[in-house]
Amino acid sequence: MIAEGLNPALILIAGGLLAPLLGGRVRAVYMLMLPLLGIIQLCGMDYGSGNSISLFDLNLIMLRLDRLSFIFALIFLIASWLGVIYALHLRDTVQDVAALVYAGAAIGAVLAGDLVTLFIYWELTAVSSVFLIWARRSEEAFRAGLRYLVIQVGSGVLLLAGLIVHFRVTGSIAFDHLGLETPGGLLIFLAFGIKCAFPLLHNWLQDAYPQATVTGAVVLSAFTTKLAVYALARGYAGTEILIYIGATMTAFPIFFAVIENDLRKVLAYSLNNQLGFMVVGIGIGTELALNGTAAHAFCHILYKALLFMSMGAVLFRTGTIKASELGGLYKSMPLTAGFCIVGSLSISAFPLFSGFVSKSLIMTAAAEGHHTFIFLVLLFASAGVLDHSGIKIPFFSFFYHDSGKRCAEAPANMLAAMGLTALACVALGIFPQWLLYPLLPYIVDYAPYTTTHVLAQMQLLLFAALAFTTLMKMGWYPPEIPSVNLDFDWTYRKLLPAVTVRVWSLLDRAWGRLNSTVECGVMGVMGALSRHHGPHGKLAATWPTGSMVLWAVVLLGACLVFYYL
Amino acid sequence: MTSLTPPAHHPDKKYWLDESRNVNKLVWLLIMACAGLILFDALYAKHGHFAFEESFPVFYGVFGFLAYCFIVLSAKALRRILKRDEDYYDR
């Protein structure tokens with residue numbers, strides 16, 4: 001441990017903000033050291049709460065370490081370190097600072113013991129991460145970043161509203177189990193749901209991540225959504241509706257992933273689908289299921305980062321990530337292709353790879369809870385994962401039609417980051433009882449490598465692969481074509497603007513008509529006045545003094561009448 | 001029929017996978033593996049959670065094959081409704 005009570009989040013946030021003071025290799029070494037210092041600090045701390053600050057009547061607990069927050073904080077620090085290695089070739093201060101502050105904010109949120117601290121870090125993740133999208137420095141990325149920011153900050157506002165309601169009613173801001181029935185619980189649930197990319201709240205993910213920079217997408221893939229998974233696991237474990245939300249999340253993105261041309265967008269859909277497995281685990285809420293969620297988040301961060309790294313390397317070297325323009329790259333980038341395949345095997349949950357030992361905890365929890373239909377949906381989604389992440393990603397970029405593109409292998413630092421991450425994926429898959437299960441929130445009594453389980457999984461995956469081969473041979477597999485596919489973001493990117501423009505033009509026209517009607521009326525009144533009182537009007541023709549005397553007499557008469565009444 | 005790996009556009013080094021014969025070898029390897037799994041399915045005592053795992057032969061294999069075909073073919077059909085030009089949102 002470096003210092004008693006020092007929050008590992010602050011090492012990254014403060015350290016990141018100071019990074020611009022250094023340059024060149026010194027900064028690179030410094031940035032590599034920060035997550036490692038964070039890991040040393042985290043692992044040296046005892047479980048419990050600390051760093052309390054009294055603010056008005058509120059007691060903020062800046063640091064709460066238990067088994068659940070530990071595993072998330074640890075994997076966030078590891079992901080941050082791998083992200084730094086992957087970005088070592090880069091000379092971009094904005095991204096250097098944003099990546100570290102963002103990672104620090106996510107760790108701070110995971111270690112937060114109360115809702116106010118959570119809210120502060122929650123918003124900091126949004127504000128810091130958007131720079132990883134804007135750093136692409138294109139008009140498209142700028143606009144996608146704005147949309148991302150609005151939605152992310154919106155999630156924070158919902159969290160704030162929820163925590164205010166919760167505090168007013170209960171007088172507590174503790175971030176423990178909340179549940180939907182608690183005051184403000186639904187608002188907080190929605191806030192978490194946006195960041196976790198629940199169905200219909202999901203499109204910021206597929207919109208923004210593919211627009212991020214090569215290195216930015218790797219960093220983005222690790223934190224925001226898994227922070228939401230942590231928050232749901234902390235506040236809403238055992239909330240039944242999460243089982244159905246999660247199952248929907250596993251199933252629907254796979255259809256979009258099959259027909260998507262942008263391979264980083266395919267990975268974003270795949271990320272959404274993987275989150276579904278974790279959400280199902282939270283919904284089931286048993287110790288086995290929550291272990292599954294934590295384990296899957298841990299493994300998923302690594303293999304998803306690996307896949308984003310390999311696709312980032314392809315984008316970096318070839319300048320494109322569209323499947324329709326790629327193919328045959330294994331000839332130029334054999335190591336990247338190999339690492340990508342390790343990521344694909346891991347996410348597809350092949351035995352001996354990390355996804356196998358984590359996803360099966362959730363699947364077993366679903367089976368033991370007699371959620372037969374949910375189990376079958378997860379199985380169905382697993383076949384889908386094999387398609388979009390297991391086969392499509394490596395096949396269309398590194399194999400299939402040779403695009404004729406010849407480029408250099410990825411830079412050494414990218415290869416190092418991919419190599420280390422790939423090694424972690426394999427090591428976790430082979431030695432889960434030493435590397436993964438001891439880290440989980442509850443004691444694990446589970447053996448993933450039983451004959452029944454291994455053979456069932458091999459059947460599922462190899463027969464699905466056989467289906468792919470058959471569809472390819474028959475020419476039935478949908479070709480990769482340059483296109484975009486409509487998703488729910490169509491509602492706010494096309495429908496809402498179109499409706500707004502239409503309503504605005506209708507209002508504009510109505511206002512114009514109202515104006516001209518009023519103008520006509522006023523002109524008419526003025527004309528009438530002019531006709532009667534103007535220079536040639538009848539009333540103007542009478543003697544003014546006579547007319548005044550006449551009106552004075554009438555008024556006096558009226559006064560007398562009213563007086564006597 | 002779509003060949004899995006058509007010849008390279010570049011007249012540079014020939015790779016093992018450039019030969020469609022070798023690709024077919026991989027396909028046969030996969031078929032053999034699947035056949036092996038079918039054979040094996042009958043040989044070991046299953047300890048699954050559900051009755052259908054034991055009563056339905058090669059349940060996971062059949063499920064995987066059909067689910068995969070359903071996902072890909074229905075996504076292909078879905079494309080007819082959802083596909084737009086690349087600059088759709090920029091217009």
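Visitor: Leaving aside its neighbours within four places in sequence, what is A:Thr117 in contact with?
Guide: In this predicted model, A:Thr117 touches A:Leu60, A:Ile61, A:Met62 and A:Ala112 once neighbours within four places in sequence are set aside.

Visitor: Which helix does A:Thr117 lie in?
Guide: Helix 5 of chain A, residues 115-134.

Visitor: Is A:Thr117 buried or exposed?
Guide: A:Thr117 is buried, because 24 other C-beta atoms lie within 10 Å. The cut-off for buried is 20 or more.

Visitor: And how far is A:Thr117 from A:Gly524?
Guide: Their C-alpha atoms are separated by 66 Å. Along the chain, A:Thr117 and A:Gly524 are 407 residues apart.

Visitor: What about A:Arg25, buried or exposed?
Guide: A:Arg25 counts as exposed, because it has 9 C-beta neighbours inside 10 Å. The cut-off for exposed is 12 or fewer. A:Arg25 sits in helix 2 of chain A, residues 24-44.

Visitor: How far apart are A:Arg25 and A:Leu88 in space?
Guide: 9.2 Å, C-alpha to C-alpha. In sequence, A:Arg25 and A:Leu88 are 63 residues apart.

Visitor: On to strands. How do strand 1 and strand 2 of chain A pair?
Guide: In the antiparallel sense, over 7 bridges. Strand 1 of chain A covers residues 48-55, and strand 2 of chain A covers residues 58-65. One bridge joins A:Gly50 to A:Leu63 in strand 2 of chain A.

Visitor: How many residues lie between strand 1 and strand 2 of chain A?
Guide: 2 residues, and the two strands form a hairpin. In the turn, A:Phe56 has a positive phi of about 55 degrees.

Visitor: Helix packing next. At what angle do helix 3 and helix 4 of chain A pack?
Guide: About 175 degrees, with their axes 9 Å apart. Helix 3 and helix 4 of chain A are therefore roughly antiparallel to each other.

Visitor: Which residues in helix 3 of chain A meet helix 4 of chain A?
Guide: From helix 3 of chain A come A:Ser69, A:Phe72, A:Ala73, A:Phe76, A:Leu77, A:Ser80 and A:Gly83. They meet A:Ala99, A:Ala103, A:Ala106, A:Ile107, A:Val110 and A:Leu111 in helix 4 of chain A. By class, that contact has 10 nonpolar, 3 polar and no charged residues.

Visitor: Which residues are buried in helix 7 of chain A?
Guide: A:Ile188, A:Phe189, A:Ala191, A:Phe192, A:Gly193 and A:Lys195. Helix 7 of chain A spans residues 185-195.

Visitor: What covers those buried residues of helix 7 of chain A?
Guide: The cover includes helix 6 and helix 10 of chain A. Helix 7 of chain A is followed by A:Ala197, with a positive phi near 60 degrees.

Visitor: Zooming out, what is the domain assignment of chain A?
Guide: Domain 1 is 1-236, domain 2 is 242-277 + 292-307 + 316-484, and domain 3 is 493-564. The C-alpha centres of domain 1 and domain 2 of chain A lie 25 Å apart.

Visitor: How many residues of domain 1 of chain A are in contact with domain 2 of chain A?
Guide: 32 residues of domain 1, touching 31 residues of domain 2. On the domain 1 side, helix 3, helix 8, helix 9 and helix 10 of chain A each supply at least two residues. Helix 3 of chain A gives the most, with 10 residues. That side divides into 25 nonpolar, 5 polar and 2 charged residues.

Visitor: Now chain B. How many helices and strands does chain B have?
Guide: 3 helices and 1 strand. From the N terminus on, the order is α-α-α-β. Of the 91 residues of chain B, 14% count as buried.

Visitor: How many residues of chain B are in contact with chain A?
Guide: 47 residues of chain B, against 50 residues of chain A. Helix 1, helix 3 and strand 1 of chain B each supply at least two residues to the chain B side. The largest share, 17 residues, comes from helix 3 of chain B. By class, the chain B side has 30 nonpolar, 10 polar and 7 charged residues.

Visitor: Which strand of chain A pairs with strand 1 of chain B?
Guide: Strand 3 of chain A, residues 484-485. The two strands pair in the antiparallel sense over 2 bridges. In strand 1 of chain B, B:Arg84 is the bridge partner of A:Val484.

Terms used. Residues numbered from 1 in each chain as written. Chains lettered and ligands numbered in written order. Predicted model: local features only at pLDDT ≥ 70, side-chain atom pairs only at ≥ 80, totals over all residues. Contact = placed C-beta atoms within 7 Å. Helix = DSSP H or I, 4+ residues; strand = E, 2+ residues; numbered from the N terminus. Nonpolar A, V, L, I, M, F, W, Y, C, P; charged D, E, K, R; others polar. Pairing = 2+ DSSP bridges. Domains from an automatic or database assignment. Axes fitted to C-alpha atoms, helices over the stretch in contact; angles between N-to-C directions. Parallel < 35°, antiparallel > 145°, perpendicular 65-115°, else oblique.
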